[in-house]
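Hi,

Here is the structure I promised to pass on. Have a look first, and my notes follow below.

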Amino acid sequence: MTHDELMTLPVAVPLETANRALHLGRTTGYHLARTGRYPVRVLRHGRAYKVSRYDLHRHLGVASAGPTNDEA
């Protein structure tokens, strides 16, 4: 997943998208989510797993291009 793709993610992404960003396979990603060992916090919505963009960016060390304290 490219930096531009990461920056345009919605607030919550499906586990499949997070798996792609973290270079995890589908089976491995779901297994880690089910067992509570996924690299970032996983949100459960009914039967679906989601990951917040914030947690994903933070884990990957990706900073947003927002204003800094110097610019504000």
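**What packs around α2**

The buried residues of α2 pack against α1 (3–7), β1 (12–14), α3, β3 and α4 (53–60). Helices here are DSSP runs of H or I with at least four residues, strands are runs of E with at least two, and both are numbered from the N terminus. Buried means under 20% relative accessible area, with a 1.4 Å probe and protein chains only, and contact means heavy atoms within 4.5 Å.

Before going on: this is a predicted model, where local features need pLDDT of at least 70, side-chain atom pairs count only at pLDDT 80 or more, and totals for chains, interfaces and linings use all residues. Residues are numbered from 1 along each chain as its sequence is written, and side-chain values use heavy atoms, with hydrogens and water left out.

Back to α2: its buried residues are Leu15, Ala18, Asn19, Ala21 and Leu22. Seen down the helix axis, they fall within an arc of 165° (taken from the directions from the axis to the C-beta atoms), so they line one face of α2. Just after this helix, His23 has a positive phi of about 60°.

Leu56 touches Leu9, Val13, Ala18, Ala21, Leu22, Val40 and Val51, leaving aside residues up to four places away in sequence.

Cheers

Key
Buried < 20%, exposed > 50% of the residue type's maximum accessible area, 1.4 Å probe, protein only.
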